[in-house]
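Good morning, and thank you for coming. Please look at the sequence and the structure as we begin.

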Amino acid sequence: MDSEQQAVAEAKNTSFMARFGRRNVILLTSVVVVLAVIATLTSQVISWNEADERLVHQSAFTGNLTVINQAGPYLKAFGTTSAYKKVISINFTGDSSATASAIVPLIPIRFLDTTTGGARGVSRFRLPGNVPASESGALRGLLKIHEEFGSQETLISNLLMRATTENVKASARMMSVEQHYSGGNGQLSQDFSDQLTNGIFVTEQIISTGERDKTDDLSNLSKQQRVTINIKMDDEGNPLRNAPILGSYGITVVDASIIDIDYENKVNARLEAQKQAAADEALARQNLKKAEQQARTEVALGEQAIAKQRAESE
C-alpha cells in the first residue's frame with residue numbers, strides 16, 4: 001500500500017516537472033537566491049539615517065571615523081555605525097511610562113540641614129556634530145565622545161547621568177528643607193540648571209551664632225547656631241566654579257529642571273502639623289472675632305434696654 005502511494009506521489013512530481021520544466025525551476029530558484037544576495041549586499045552598501053540622530057561611521061577598509069549628520073540614505077560600504085540622538089533626555093521623575101532616552105528613579109538628595117529626600121525632574125543635552133580634529137590630531141566633538149564611550153548607552157550612564165546627579169545633589173546642599181518648602185523650588189531648579197551648564201559653585205559653610213533673648217529660661221541653651229552657604233567670588237566679583245565636566249566634550253545643556261521633591265516622612269509629618277496648626281489658628285481667630293461681635297451686640301442690647309427703662313421712668 002505504501003509503495004503504491006509513493007508511486008503516485010512520484011508520478012505527480014514527475015508530471016509537475018514535465019509541465020513546468022526542470023530548467024524553469026532551477027532558473028526561478030536562482031533568481032530568488034540572487035535577489036536575496038542583492039538585498040543583503042545593498043543593506044551593507046546603502047543604509048538610512050533618521051532625522052533625530054547622528055551616526056558615527058567606521059570604514060570597513062581604512063577604519064577611519066566619520067560623522068553622518070544628514071537624514072536619509074548614506075553610503076555604508078560594509079562599514080559599522082553607532083547611532084547617537086542629537087538631543088538626549090534623562091527623565092528622573094520615576095514615571096516608567098515617560099518618553100526619554102533614559103528613565104531613572106528619583107535622585108536621592110540631602111539638604112543643608114541634613115534632611116533627605118528624592119528629586120524629581122528632567123535634563124536634556126545636545127550632542128556636538130562633526131568637529132574638525134585639533135592641530136595635534138586629537139579627535140573632538142562627537143568623534144571624541146565615540147572614541148571614549150563607544151555607545152550612547154555608555155555615554156548616558158558614565159557621563160550624562162553622573163553630571164545630572166552631581167548637580168542635583170550640589171544644588172540641594174545650598175538650601176535647607178524649610179527654605180525649599182517655603183517656596184524655594186524655583187531657586188533650586190535654577191541653581192541646578194545654572195551649575196549643570198556652567199559648573200558647580202565653589203562654596204563654604206558659614207556658621208553664625210546669635211544670642212538668645214535674656215528673658216529666656218536659663219535652662220535653655222544660651223546660644224543658637226545657623227548654617228548658611230556662601231558662594232566664593234573671584235577678584236572681579238564673579239562666582240568661583242568647578243570646571244563643567246560636559247564642556248570638554250562640546251555637550252550643551254538644552255534644559256534642566258527639578259519639578260519637585262519627595263521629602264522624608266518626618267518632614268511630611270511636620271508639614272501636616274503646620275497645616276493643622278494654621279487651620280486651628282484660623283479657626284481660633286474666627287471664633288474670637290465671632291465672640292467679640294457677640295459681646296458688642298450684647299453691650300448694645302444692654303445699653304438699649306437701659307435707655308428704654310430711663311425713658312419709661314421719665
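Predicted model: local features only at pLDDT ≥ 70, side-chain atom pairs only at ≥ 80, totals over all residues.

Residues are numbered from 1 along each chain as its sequence is written, and side-chain values use heavy atoms, with hydrogens and water left out.

What else involves Y249? The charged end of K144 sits over the ring of Y249, at 5.1 Å from the ring centre. For such a case, NZ of Lys or CZ of Arg must be within 6 Å of the ring centre and within 35 degrees of the ring normal.

Both K144 and F149 belong to the buried residues of helix α3, together with G141, L142, L143, I145 and H146. Helices here are DSSP runs of H or I with at least four residues, strands are runs of E with at least two, and both are numbered from the N terminus. Helix α3 spans residues 141-149, and seven of its nine residues are buried, so that the helix is mostly covered. What covers the buried residues of α3? The covering elements include strands β2 (53-58), β3 (65-68), β5 (80-85) and β10 (130-131), as well as helix α4 (152-172). Just after α3, G150 takes a positive phi of about 85°.

Helix α4 also holds Q152. With a relative accessibility of 12%, Q152 counts as buried. Setting aside residues up to four places away in sequence, Q152 touches A83, Y84, K85 and I88; a contact means heavy atoms within 4.5 Å.

I turn now to aromatic pairs across the chain. How many does a search of the whole structure find? The search finds four aromatic pairs. Rings of Phe, Tyr and Trp (its six-membered ring) pair if their centres lie within 6.5 Å; planes under 30 degrees apart count as stacked, over 60 as edge-to-face, and the rest as tilted. One of the pairs joins F111 and Y263, a tilted pair at 6.5 Å centre to centre with 45° between the planes. Because F111 lies in the loop between β8 and β9 and Y263 lies in strand β13 (residues 252-263), this pair ties together parts that are 152 residues apart in sequence. F111 is buried at 3% relative accessibility, and Y263 is buried as well, at 14%. The pair of F149 and Y249, with which I began, is also tilted, because the ring centres are 5.6 Å apart and the planes stand at 55°. F149 in helix α3 and Y249 in the loop between β12 (223-231) and β13 are 100 residues apart, and their pair links distant parts of the chain. Finally, F111, Y181 and Y263 form one aromatic cluster.

The loop between β8 (107-110) and β9 (116-126) also contains T114. Most residues other than glycine have a negative phi. T114, although not a glycine, has a positive phi of about 75°. Is T114 buried or exposed? T114 is exposed, with a relative accessible area of 51%.

I46 counts as partly exposed, at 46% relative accessibility. Leaving aside neighbours within four places in sequence, I46 is in contact with P73, Y74 and K76. The C-alpha atoms of I46 and K76 are separated by 5.1 Å, although the two residues are 30 residues apart along the chain.

A71 lies in the loop between β3 and β4 (72-75). A71 is partly exposed, with a relative accessible area of 46%. Not counting residues up to four places away in sequence, A71 touches N49, E50 and A51.

Let me close with the chain as a whole. Its secondary structure comes to six helices and 13 strands. Buried residues make up 26% of the 314 residues. Of the contacts with a separation of 6 or more, 68% are between residues 24 or more positions apart. Thank you for your attention.

Technical notes
Buried < 20%, exposed > 50% of the residue type's maximum accessible area, 1.4 Å probe, protein only.
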